[in-house]
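Here are my notes on this two-chain model, as numbered points. Have a look at the sequence and the coordinates first, then read on.

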Amino acid sequence: MNLADQEAAVMRDERRERIGLLTLALPALVIIGLLLLAPLAWLLYQSFVDQEGVWTLAHYARIWNDPGYRATFVLTFEISFLVTGLAILIGFPLSYLLSQLTGVWAAIGLALVIVPFWTSLLVRTYAWLVLLQRNGLINNTLIDLGLISEPLTLVHNYSGTVVGMLHIMLPFMILPLYASMKRIDLDLMRAASNLGAGPIYAFWQVFFPLSRAGLMAGTLLVFVLCLGFYITPEILGGGRTIMISMLVQRNVELYFEWGAASSVAIVLLVMVLVVFWVLNRFLAVERVFGGR
Amino acid sequence: MFDDTTGGTLVSHRQRIWLYGVGILALLFLIFPIFIVVPMSFSDSRFLQFPPEAWSLRWYDHFFSSREWMRSLRISLTAAFCTMLVATPLGVAAAYALHNANARYVRHLQVLLIMPLMVPIIIVAIGLFFVYARAQLVGTMFGLVLAHTMMAMPFVLIVSLAGLQGFDMDQEKVARSLGWNRLQSFLRVTLPQIRPSVVAGALFAFITSLDEVVIALFITGGPNSTLTKRMFTALRDEIDPTIAAISSMLIITSLAIVLAAALAGGKRRKRS
């Protein structure tokens, strides 16, 4: 056999290998193609046609012009920014602490983050509903302590939504942050102190920049998950805090307005994919969901 | 004087007591709502109180003696079990393909395969609702399992990929050069060594299906509602203590599954 024949044989083997491997991934790809990509393509189409099937931009114009739609988008962004900000405020110090614990304390601390992470979203939302209700534990405790005389309205409103969402989102902030902080070599901090840096200066000059990738990943992840969040705002918002996902749901289930639902869904999807695209530069997307 | 140094700087434990305070409060915030539900579910009262004035099992009794709840439980467990059986092999096969394929197009396929986790669930749900309405799959177990398989596959894929990355593929090559075919080599050499990842992936698939709400809201209904759909409907109207009983059981289930997955993963780490 001459060299050209051998090369041809190798090429043939490689092609067969490639096709074989692709076949293995095929069932998964077919499911995603049929149940995810095809419906998305159809939603895209629906968002550009009216009921007679004529091309129109009316559905997108409605998002911009209708004050109700615009308010929903503004509110969604407002809540998403607020929850993300709170998650950073709470998540950063907690991740910092967790990354420095050792032995059994580290295991306990991490377990207390991971157990809620893996507990059903619906169960956690329900727990908040129970805690925050009129005669719930929090109101009763505050009354018993004499801090308030009348029960506060803590749920079925804006604040209930924010608290519930924060609880769900916090692990998504902590886990990437923790992972990036755990990789920081603390000898660098010791070196900084040896060179005369005070603790605060050393933190901002050495530790913080090294944790920034994790912080960006956690921040973008929490933000993007907030944008499309459905269950928790639906239950804890009590129908008064309408977010984008609820606008989609209502247009489909209450008004059968597929055009309106599709356009909102497409705008939401584009926003979410853009954030994921940015996120991917800080942390490979598959790593983001690694813990869950 | 510095009694100890922390975090690589000359800060004593006492000086950063605020950090411990914030950390403990944050951990309490995370865990408290979950653990408070369990004792409340044993309350005798129609109103959920903590601590309950009298203890009873009436809400558990109510759950287990209700035909509707039992039917939903059966549907949810069947769906979760079937999802696990379908999603695990599909996810492992895809992971094997991605791991062994050449680098260029793999990256794109991988993103495609974890797309179900990136697209907001409400959009996935209305898309499925549309497709299923035309394919007459609304309200069927087959449709539910298929949808949950799509949602669970990415987790199996991610966990299996991580497992494969810690495995030396040359071992499989050796097995093949000694005469086994690819499938035999995979089943007898590779699979036993990545088994902890596969087990963890399967458990995650099970719980993904069991906990899934939004898709079930759209594609199941009436007598065929899943447990979570029925819970969702019930707690939009009133705070039924039966939900506390179900929630407690779901918490225990998640806890057991995470623990099992962690133990499987722990074995893997020890070996490598």
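1. Take helix H5 (residues 121-132) of chain A, with its twelve residues: the rule says 16 Å, and the end C-alpha atoms sit 17 Å apart, so the two agree.

2. Staying with H5(A), is this helix mostly covered or mostly open? Mostly covered: twelve of its twelve residues are buried. Among them are A:Arg124 and A:Thr125, along with A:Tyr126, A:Trp128 and a run of leucines that includes A:Leu121, A:Leu122 and A:Leu129.

3. Keep in mind that this is a predicted model. The predictor gives the complex an ipTM of 0.90 and a pTM of 0.90. Chain A has a mean pLDDT of 89, with 97% of its residues at 70 or more. Within chain A, helix H3 (residues 67-100) has the highest confidence, at 95, and helix H13 (residues 285-288) the lowest, at a mean of 66.

4. Chain B comes in at a mean pLDDT of 87, and 92% of its residues reach 70 or more. The stretch I'd flag is residues 268-272 of chain B, where pLDDT is below 50; beyond near neighbours in sequence, this stretch has four contacts in the model.

5. On the fold of chain A: there are 13 helices and zero strands. Its C-alpha atoms fill a box of roughly 90 × 70 × 30 Å along the principal axes. The radius of gyration is 25 Å, whereas a compact globule of 292 residues would be near 19 Å. Buried residues account for 43% of the 292 residues in chain A. Of the chain A contacts between residues at least 6 apart in sequence, 73% join residues at least 24 apart.

6. Now the interface: 71 residues of chain A are in contact with 77 residues of chain B. Which helix gives the most to the chain A side? That is helix H1 (residues 3-46) of chain A, with 17 residues. By class, the chain A side has 54 nonpolar, twelve polar and five charged residues.

7. Finally, the largest nonpolar core has 163 residues, and A:Met169 and B:Ala94 touch the most other members. Helix H7 (residues 158-182) of chain A supplies the largest share of this core, 15 residues. B:Ala94 is worth a click: setting aside neighbours within four places in sequence, B:Ala94 contacts A:Leu24, A:Ala25 and A:Ala28 in chain A, plus B:Leu113 and B:Leu157 in chain B.

Notes: Residues numbered from 1 in each chain as written. Chains lettered and ligands numbered in written order. Predicted model: local features only at pLDDT ≥ 70, side-chain atom pairs only at ≥ 80, totals over all residues. pLDDT = per-residue confidence, 0-100. Contact = placed C-beta atoms within 7 Å. Helix = DSSP H or I, 4+ residues; strand = E, 2+ residues; numbered from the N terminus. Nonpolar A, V, L, I, M, F, W, Y, C, P; charged D, E, K, R; others polar. Expected span 1.5 Å × (residues − 1). Buried ≥ 20, exposed ≤ 12 C-beta atoms within 10 Å, placed from the backbone. Core = buried A, V, L, I, M, F, W, Y, C linked by C-beta atoms within 7 Å. Rg over C-alpha atoms; globule rule 2.2 N^0.38 Å.
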